[in-house]
Amino acid sequence: MSTIAGMIDHTLLKADATSDDIRRICREARENGFASVCVNSSYAKMVTEELAGSGVKTCCVVGFPLGAMSAYAKAYEAACAVRDGADEIDMVIHIGALKEGNDVYVEDDIRAVVEASRPAIVKVIIETCLLTEEEKVRACRLSEKAGAAFVKTSTGFSTAGANVQDVALMRKTVGDRLQVKAAGGIHTPQQAQDLIDAGADRIGASNGMALLQ
C-alpha cells in the first residue's frame, strides 16, 4: 500500500456525479487505504455505509464552492452531514467578508460550523488563489481562533489550486497547532510529494488513484 494513500482525501464533487460514481470511489478508497472519501453532503449516508468497517473516513463539503451563503445555512448543512455519518467537514469561508476586513463575521461563520459539526472535525477552505498573502495569513489565524482542525488551500473550483508557496505560508502561520490540507490541481505523485514536503498533512484529489503510481 502506498505511503501517501493514508494522506489522500479521495474526492468527487462534480455536479454530474452519480451514485455509481460515488460507490466506485468508496471502493477505491477501501482498497487503497485512503484517509477519507470527500463528497457533497447529500451522499454522506451512502458513503458512511459504503465505508463501514474500513477505517476510511467520510468527509463532506459545506458552503461549497463559493462560501457566500449564510452562516446559519452552513451550520445546518454541516449538522445534517454529521447526523448522516460525516467524520470531517470541509467548509468554505466567506471570501468577500475576509477581503473587506470583516474578521468578526469570518470568525463567527467558521465557529458556527465548528460547533454544529461536533464531534466531526472542520477543515477551512480559504481559497488561496483569490487572496493576498496578508489575507491568507489572516484567514489561517481566524480559522485557528474559531476552533478548526485544518486549513485548506482550495476548492478546486476557482481560478487555481494548491501550490507549494501557499502551503508553506499556511504551515508557517499555523505551526503545529492546526493541520494543512492541499487541494486543487494535484495531478501527479511528484506534485503531491512537493506539497507534503512544504507542510501538507492531507492531499485532496479527484484523481487519487493517479497519485499512487
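**Exercise 1.** Is Cys129 buried, partly exposed or exposed?

*Solution.* The model is a predicted one, in which local features need pLDDT of at least 70, side-chain atom pairs count only at pLDDT 80 or more, and totals for chains, interfaces and linings use all residues. Residues are numbered from 1 along each chain as its sequence is written, and side-chain values use heavy atoms, with hydrogens and water left out. Buried means under 20% relative accessible area, exposed over 50%, and partly exposed in between (1.4 Å probe, protein chains only). Cys129, at 26% relative accessibility, is therefore partly exposed.

**Exercise 2.** How many disulfides does the structure hold?

*Solution.* A disulfide is taken as a pair of cysteine sulfur atoms within 2.5 Å, and the structure holds 0 of them. Cys38 is in no disulfide, its nearest cysteine sulfur, that of Cys59, being 3.5 Å away. Cys38 itself is buried, at 1% relative accessibility. For Cys129, the closest cysteine sulfur belongs to Cys140 and is 14 Å away, which is too far for a bond.

**Exercise 3.** Which residues form an aromatic pair that is edge-to-face?

*Solution.* Rings of Phe, Tyr and Trp (its six-membered ring) pair if their centres lie within 6.5 Å, and planes under 30 degrees apart count as stacked, over 60 as edge-to-face and the rest as tilted. This rule gives 1 aromatic pair. Its members are Phe64 and Phe157, with 5.1 Å centre to centre and 85 degrees between the planes, hence edge-to-face. Phe64 is buried at 15% relative accessibility, whereas Phe157 is partly exposed at 46%.
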